[in-house]
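Hi,

Here is the structure I promised to pass on to you. Have a look at it first, and then read my notes below.

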Amino acid sequence: MTHLFQAHWRLVYLFVFGVIISGLKSVNILLFLTACLVPCVLISQIFYGRSLKALARRWLKFNIFTLLIWLTLSWRLDAFSVQWNLYGIELASLISLRMNLILCATWLLLLNVNEVMLVQAISRLPLSPKLIHLFVLSIRYISLLNEVNHKMDIAMRARGYQPKCNWLTLKITSQRVALLLIHAMVRAERTEMALKARGFKFGAK
């Protein structure tokens, strides 16, 4: 039975769960599933000694996009006024609950799965070799960019940088984002060269 909980099977379960959740259109069912999954995620994090504060920060960062969805869909313009959009509110509720459910399922099913295990799991899925190479390279370079961002954060804090609500912080943040984009472009060019060396042809059917 243990082989059914290997990393590649967890990816399959997560995909099936995501497809099912995406098809649900009942807010009550989604709320019930969320109420069931959230305690499971919290218990698993406590059991493995993970920080709940770090988990909460990741959840808040993720739901910034959810907030933008609510700000976009919850109102509509009439001829002379701004009114609440009831259909948009319902749609925003469905999208928010689906996103958070899939996020909780990802945290629960891929718990203790690092980049190496994830790459190995993807390579065992019944996908085409080119698609597997794309996934592997994407995971690798996302991890590298995250490492570069972390090193930049440590270097900036070692030099006494403290983010505040002023123009200096905005300037330094824009420079940091620009450096990350440049690094990402360099990595993308190297990735393209590696794909072409492996016979991958962009746009080929």
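Asp 153 forms a salt bridge with Arg 176, and in this predicted model their closest N and O atoms are 3.7 Å apart. Asp 153 sits in helix H6 while Arg 176 belongs to helix H7 (residues 167-197), so this pair ties together parts that are 23 residues apart in sequence. Arg 176 counts as buried, at 18% relative accessibility, whereas Asp 153 is partly exposed at 21%.

Asp 153 has another partner too: a salt bridge joins Asp 153 to Arg 157, with 3.2 Å between the closest N and O atoms. Both of these residues lie in helix H6, four residues apart, which is about one turn of the helix. Arg 157 is exposed, with a relative accessible area of 51%. Together, Asp 153, Arg 157 and Arg 176 are linked in a network of salt bridges.

How many salt bridges does a search of the whole structure find? The search finds three. Among them is the pair Lys 151 and Glu 147, whose closest N and O atoms are 3.4 Å apart. Lys 151 is exposed at 53% relative accessible area, and Glu 147 is partly exposed at 38%.

One more thing to look at: an unreviewed UniProt entry lists residues 7-24, 30-48, 60-77 and 89-110 under "transmembrane region". In the model, residues 7-24 are 94% helix, and the end C-alpha atoms lie 26 Å apart. Residues 89-110 are 95% helix, with 31 Å between the end C-alpha atoms.

Enjoy exploring!

Methods
Residues numbered from 1 in each chain as written. Predicted model: local features only at pLDDT ≥ 70, side-chain atom pairs only at ≥ 80, totals over all residues. Heavy atoms only, no water. UniProt positions renumbered as here; feature names shortened; annotations may be inferred. Helix = DSSP H or I, 4+ residues; strand = E, 2+ residues; numbered from the N terminus. Salt bridge = Lys/Arg side-chain N within 4 Å of Asp/Glu carboxyl O. Buried < 20%, exposed > 50% of the residue type's maximum accessible area, 1.4 Å probe, protein only.
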